[in-house]
Amino acid sequence: MKMHIAVAQMGPIQRADTRAQTVARLCDLLKDAAGRGARWVTFPELALTTFFPRWEMDDPQEIRGFFETEMPGKETRPLFDLARTLGVGFYLGYAELDGDRQFNTSILVDGNGAIIGKYRKIHIPGDAQSQDGYPIQHLEKKYFEVGDLGFPVFDAGDMRIGMCICNDRRWPETYRVMGLQAVDLVMVGYNTPTGYGRLGEPRHLPGHHNHLSLQASAYQNTCWIAAAAKAGVEEGIHMIGGSCIVAPTGEIAVQALSEDDEVINYVCDMTLADGYRSNIFYFERHRRPEHYRAIVERVGASRQPL
């Protein structure tokens, strides 16, 4: 069985950009993907706003201006209506306000414009307050709670789709939990700066680590991965692109070439995973969970005497 998948990378969203302007860009990308024959599209993390956790804000009204209280809402409705008209489903990342709780969220919307799945980011990176000496602040811990929905996999008709968000893609547990639910496609959106904290990484490493995580995870969990970046220089901060679709072989099938709004697409053979699932990664035959207890019993590593 083959499925035509697209990834809709976005260039920067500046703070002054309105929701209406941003949703119009999303609609243009959705039309582009549909025109190529794609049936599912992955949009980035926080695709409706600039990446606001780079700033320390304390005014509740200012903060909540970046969050959505309903989905779809008045300003996002056109994207859902277009999806229904085109018969194309999508993944959308956004900041969700649920009562007084704030989450970094993604939803899965089918070709009828109906929400069929929701995920809330679990691996929240960064800090709860600004750090002295950091060239770039990353304050997701200030604005978002840890997700409370786990790593569900959703029935999308011809395949099973799972979701994760940005930093989740670096953690092997993310994919293994979905792999144990026989996920076919994992959609992930991200906003990743080229410099963060005091790491002092060379500029090429964030992009390298992005693809390293995605390729290893696709191979080790016998699934396709569709990863969408928000890229380019946003509010003076450079963010990596590298949006891609990765096959269960661990190979990048297609990759974005720019750091602007760009659609990439690929006709994915979902049976490509079968050989790995029945051999190297035949979980039922080869996994030994009785020896993996430390994964769930320990949060961090210890150098105490063994």
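In the contact between two helices, Val23, Leu26, Cys27, Leu30, Lys31 and Ala34 of H1 meet Pro78, Leu79, Leu82, Ala83 and Leu86 of H3, where contact means heavy atoms within 4.5 Å. The residues of this contact divide into ten nonpolar, no polar and one charged, with Ala, Val, Leu, Ile, Met, Phe, Trp, Tyr, Cys and Pro counted as nonpolar, Asp, Glu, Lys and Arg as charged, and the others, Gly among them, as polar. This is a predicted model, in which local features need pLDDT of at least 70 and side-chain atom pairs count only at pLDDT 80 or more, while totals for chains, interfaces and linings use all residues. Residues are numbered from 1 along each chain as its sequence is written, and side-chain values use heavy atoms, with hydrogens and water left out.

**Asparagine 210**
- Asparagine 210 lies in helix H6, residues 205-220, helices being DSSP runs (H or I) of at least four residues, numbered from the N terminus.
- Because its relative accessibility is 0%, asparagine 210 counts as buried (under 20% relative accessible area, with a 1.4 Å probe and protein chains only).
- Leaving aside residues up to four places away in sequence, asparagine 210 touches Arg169, Tyr190, Ile240, Gly241 and Gly242.

**Arginine 293**
- Arginine 293 is found in helix H9, which covers residues 293-297.
- With 53% relative accessibility, arginine 293 counts as exposed, a class that requires over 50%.
- The C-alpha atoms of arginine 293 and alanine 128 are separated by 30 Å, and the two residues are 165 residues apart along the chain.
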